[in-house]
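Let's take a walk through this one together. Keep the viewer open and turn the model as you read.

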Amino acid sequence: MPVLEVKNLSKNFGGLKAVNNFQLTMEEGEIVGLIGPNGAGKTTVFNLITGIYFPSAGTINFLGEQINGLPPFRICQKGIARTFQNIRLFKENTVLDNVRTVFHPRIKYGLLDALFRTPRFNAEEERVNREAMEFLAALNLADRSAHKASGLPYGDQRRLEIARSLACRPKLLILDEPAAGMNPNEVSRMVDLVRMIKEKFQLTILLIEHQMGMVMNLCERLVVMDFGQIIASGTPDEIRNNQMVLEAYLGKGATVA
Amino acid sequence: MKISRQTIMLLILAAAFFALVKGLQFAGVLNAYWQLVLDQALVTVIGALGLSLIYGFTGQFSLGHAAFYGLGAYTAGAIDIVYGNGNIIFFFVSILAGAALAGLVALLIGLPILRLRSDYLGIATLGFGIIVKVGMDNANKLIPVLGGATGMSGTPQTAHFDLIFILVLIIILLVRNFVFSTYGRACTSIREDEIAADIMGIDTTRFKVLAFVLGCSLAGLAGGIYAHRYPFLHPASFDFLKSFDFLLIVVLGGLGSMTGTIVTAIGWGFLMEVLRAVLGENFIDWRGVIYALILIVAIILRPQGLFSGKELGLLLPRPLQTGQGKERSHAGTGS
Amino acid sequence: MEHVMEQIINGLQLGFMYALIALGYTMVYGVVQLINFAHGDVFMVGAFVGYFGFAVWGLPLPLAIVNAMVICAILGMVIEKIAYRPLRYAPKIAALISALGVSLFLEYFSSLKFVFGPDYRVVPRPIHEVHWHILGIPITNIQVMVIVVVLVMLLLLQLLIYRTRIGMAMRTVAVDHNAARLMGVNVDNTISLTFAIGSAFAALGGVLYAIAYPQIQPFMGIMPGLKAFTAAVLGGIGIIPGAVIGALIMGQVETLTAAFISSQLRDAIAFAILILVLLIRPTGILGRSQTEKV
C-alpha cells in the first residue's frame, strides 16, 4: 500500500489555478523532491496535504485512508508532520517546550491528573521529558533545551522545527525548503541530517527545495511543477536532461551547457 | 504523591504572608478598612488569574471578563440569600454554582466567538460584556431578588481573610499545575502560532474553549467570593471598566506570568486606596488623574509588563533531571 | 408611519454622528493598528470646547466649531506623541493599555473643578430649533444641519485620502511602515496627521452632539466612543466607507430598538447584532478576510 496517494488534486483561488490536476504516489521509505520555479504551486500542494486548504477537486489518501477534508490537527495525528518555509516555531516558548507540546495527542493523563499532579501525571511527564530530550539530542540541540526558541541561531531553528515535527511521530515527513538560505557546507550537513532521520525514524519524506545540490543528492525521484501543473517527473538524472524543465527554469531555448 | 521542593517553598512563603497579615491584624495596624481592601485584592487575584489563562497564556483577547465575574457574583449571592442565609456550606455551594454558571455561559458564547481573532474577538467579548450588563440592569424583571439597576444587597458576608486566603492559594496551585502540563503547553502554543499548533496536532478550538471556560469559571468563582465579602452588588461594578481593570492587571504584570498577575492584582487593588489616603480630602479629585498617569507611565516604562519573561522560582515546576538547565516561564509578548 | 419615518431620521442623525467618531477610530487603526480608546474622550473635549466657544465666549457657531476642531487636532497629535509613539514597536497591547490610561486621564482631568468640572452642563441651543415636514417626513433644521455637515466632511475626507499626496502617504503607511519609509514617506508625520484629522472629526462630532443632545459632562464620550468603535468594527475596521456604513446601521438599530422594542435593551441589541455580524463576517461587513500565508 502506498504511503501517500494524491489523485487529480486541484486548488483554485478565485480564477487562479494554483494547483491543477496534481498526481503523486509515494511508497514507504521514499524520498521525493518537489521542485519548480517560485509560484509554481509547490507550497500549495503541501498546504493541501496538511489540511490548511481544502482541495477544489481530487483526493488525498494516506495509508489507504482518505484525509482530504480533515482538519490539520487530525491529519497530523494520522502521521503527517511538516516544517515551514518561513520558520514557525512557538517563539517565546523554550526549545524543550516546542518539542514537548506536540506530544499532546499521545499523552495518557487527563485534566484532573494535571491539576492534582497525580502519580500518573508525574510518570507521564517524566517520559515526555526523557523522549523530548532524545529528539533534541538527535538533532544536536540538547544543550539548548532551556533557551527561548526565538533566541536560537537560524540553523538551529531549522533543526528545531525538524525535531518538533519528528516528535509528532510521523510516517510521512514534509519538509518545506529545509536548506533555504544555507551555504554549501550547511546544505551538505542538512543532506546528511535528512538521511540520518529517515533511517533512524523510518520515514517517508517529501520535500520542496531550491538548492539543486540537495535535491539531486538526496531524492530518489523528483516531481517538477510549473504553473500549478506537473511538467515532469523521474530520477534526478532524467530531470537534469529534461528540456521542459530547463525551459521552466531558464526560459525557452535554453540548453545544457 | 510526591510534593516538589517548589511547592513546599511556595507553601512556606504563603504561610509567612499569612503570619504577617495575622501579625498586622493583632497589632491593630490592619483595620477593618484595609482588611477589606486586602481581601478584595485577593479576590481580584483569582479573577485576574482567569484572564491570565485566557489571554496571557492562550492569547485570546477578552474585554468581557467582568461579565463572568458579575455572573458568578450574582449567582452566588442570589443562591445564598434565598437558600443559605450565611451557612458556610452554602458559601461553598453558591460560589461553585457561580463558577459553574460562568463556565457554562463561557462555553456557550466561546464556541462560536473564539473563531474570531485578536481585536475582533476583543470587541465581540466587549459587546457580550455590555449585553450581560444590560441583563443585570433588568434582571429584577425576571428574578426580583437580583435587584436590577438598583443593585442587590444583603448577600451573607460569610467570607473572611482566612477563607479567602486559602482559596487563593489553592487556585494559584491549580493554575500553576495547569500551566505546566501538556494542557498549558497546548495553550501557549496557540498563543504563539495558532496555525502551527494546529498543524502540529493540537486541537486549537478545543484548547481555546477550554482555557476560556476555565478562565471565566475563575472569574465566576472570584465574583462569588466577592459577593460574600461585600454586601452590595451593583451592575456598574461589573461593567466594561471592570473588564479593563482585569486586562491592565494581566498586561502590566506581564503576559504569561502568574507571578506578575498576582503581584499586580494586589498592588493595583491597593493603589487606588493608598492614593485616597495620601491625597487627603482636599486633593481627592486628583485621584483618578494620578491613577491614569501612573498607568500611562508604567506601560511606557515597561511595555512588556513587570514580570514578562520571568516567573518566581516557587511557581515553576521542578527542574528537569537531565541537568540541561531549568525550565522557563511561559512569557508571551501579546498580539 | 410618520412615527417610523421620524425615528429613521433620528437614527440617521445619530448614525452620522457616530460616523464622525468612527472615522477617527478606523483611520487610526488603519495606520497604527491601535484601538484608540481615548478617541471617545477627544470627542468629549470637542463638545466642551465647542460649548465654551458658542455659549461662553460668544463665538459664532462656525468659528466655535473650527476652534474645537483645531484644539482637538492638536490634542490628538499630543496624545499620539506622548502616549503612543514610544510604544509603536512594542507589543500592540501596550499601546492599547496606554490608550486606556489616556482615556481615564482625559475623563478625570476634565472632571477637575478648574477644568470642565464633574457636573452635567445644559447646552443652550446656538440655533433655534425649527420643525419641518419635507415630503411628509418630519425633520428639524438641526437634523438637516448635522446630516449636511457630515456629508460634506465625508466628501472632503474622501478627496483628501484618494486625491492628495497626504492621502497617498496615509494609505501607504497603512500597508507597511517600513516600505513607506523606504519610499520616502515621513511615517511619523503621517501618523501624527492621521490623529489630527481623526481628532478634528471627533471634535466636530462632539459639537454637533452637544447641539443635538444638549447636555454634556466629562464622561459623555465613553458610550458614543464605544458605539462608534463598534460601528467601525461592524463595517470592517481600517476601511473608511465601512465605518460610515457601520455607523448608519448602528444609529438605526439603536433608535428603532429604543422606539419600538425597549429603550433599556437598546445597547444589548446593538451589540448582539455586532456579534452576529462578526460571526458571519469575522472581519466586518466590508472587511477583507485575512488568510494568513503559510
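Predicted model: local features only at pLDDT ≥ 70, side-chain atom pairs only at ≥ 80, totals over all residues.

Residues are numbered from 1 along each chain as its sequence is written, while chains are lettered from A and ligands numbered from 1 in the order in which they are written.

Start in chain A, with an open sheet of four strands in the order S2-S1-S4-S5, paired antiparallel. Helices and strands here are DSSP runs, numbered from the N terminus (helices are H or I with at least four residues, strands are E with at least two). Two strands pair if DSSP finds at least two bridges between them. In general, strands of a sheet pair through backbone hydrogen bonds, either parallel or antiparallel. The edges of this sheet are S2 and S5 (65-66) of chain A, each of which pairs on one side only.

Now zoom in on S1(A), residues 4-13. On one side, seven bridges tie S1(A) to S2(A), residues 16-26, in antiparallel fashion. Leu4(A) sits opposite Met26(A) of S2(A), and Leu9(A) has Phe22(A) as its bridge partner in S2(A). S1(A) and S2(A) form a hairpin with two residues between the strands, and there Gly14(A) takes a positive phi near 60°. S1(A) also has five bridges to S4(A), residues 57-62, again antiparallel. One pair to look for there is Lys7(A) with its bridge partner Thr59(A) in S4(A).

What lies across S1, S2 and S4 of chain A? That's helix H1 of chain A (residues 42-49), running at about 65° to S2(A). For angles like this one, axes are lines fitted to C-alpha atoms, for helices over the stretch in contact, and angles run from 0 to 180 degrees between N-to-C directions.

Staying in chain A, two residues that aren't glycines are worth a click. Glu177(A) has a positive phi of about 50°, and you'll find Glu177(A) in the loop between strand S7 (172-176) and helix H7 (184-201) of chain A. Gln202(A) also has a positive phi of about 50°, and belongs to the loop between H7 and strand S8 (204-208) of chain A. Are these residues buried or exposed? Glu177(A) is buried, with 20 other C-beta atoms within 10 Å, while Gln202(A), with 10 C-beta neighbours inside 10 Å, counts as exposed. The cut-offs: buried is 20 or more other C-beta atoms within 10 Å of a residue's own, exposed is 12 or fewer, and partly exposed is in between, with C-beta atoms placed from the backbone.

Over to chain B, where helix H2 (residues 32-57) packs against helix H11 (residues 258-279) at an angle of about 140°, with the axes 8 Å apart. H2(B) and H11(B) are therefore oblique to each other; angles under 35 degrees count as roughly parallel, over 145 as roughly antiparallel, 65 to 115 as roughly perpendicular and the rest as oblique. The residues of this contact between H2(B) and H11(B) divide into ten nonpolar, six polar and one charged. In that scheme, Ala, Val, Leu, Ile, Met, Phe, Trp, Tyr, Cys and Pro count as nonpolar, Asp, Glu, Lys and Arg as charged, and the others, Gly among them, as polar.

Next, find Gly72(B) in helix H3 (residues 65-84) of chain B. Gly72(B) counts as buried, with 37 C-beta neighbours inside 10 Å. The C-alpha atoms of Gly72(B) and Ala219(B) are separated by 7.1 Å, although these residues are 147 apart along the chain.

Finally, the chain contacts. Two residues are in contact if their C-beta atoms, placed from the backbone, lie within 7 Å. By that rule, 33 residues of chain B are in contact with 35 residues of chain A. On the chain B side, the largest share, seven residues, comes from H7(B). That side divides into eleven nonpolar, 13 polar and nine charged residues. The contact of chain C with chain B takes 37 residues from chain C and 35 from chain B. Here H4(C) gives the largest share of the chain C side, 13 residues, and the residues of that side divide into 27 nonpolar, six polar and four charged.
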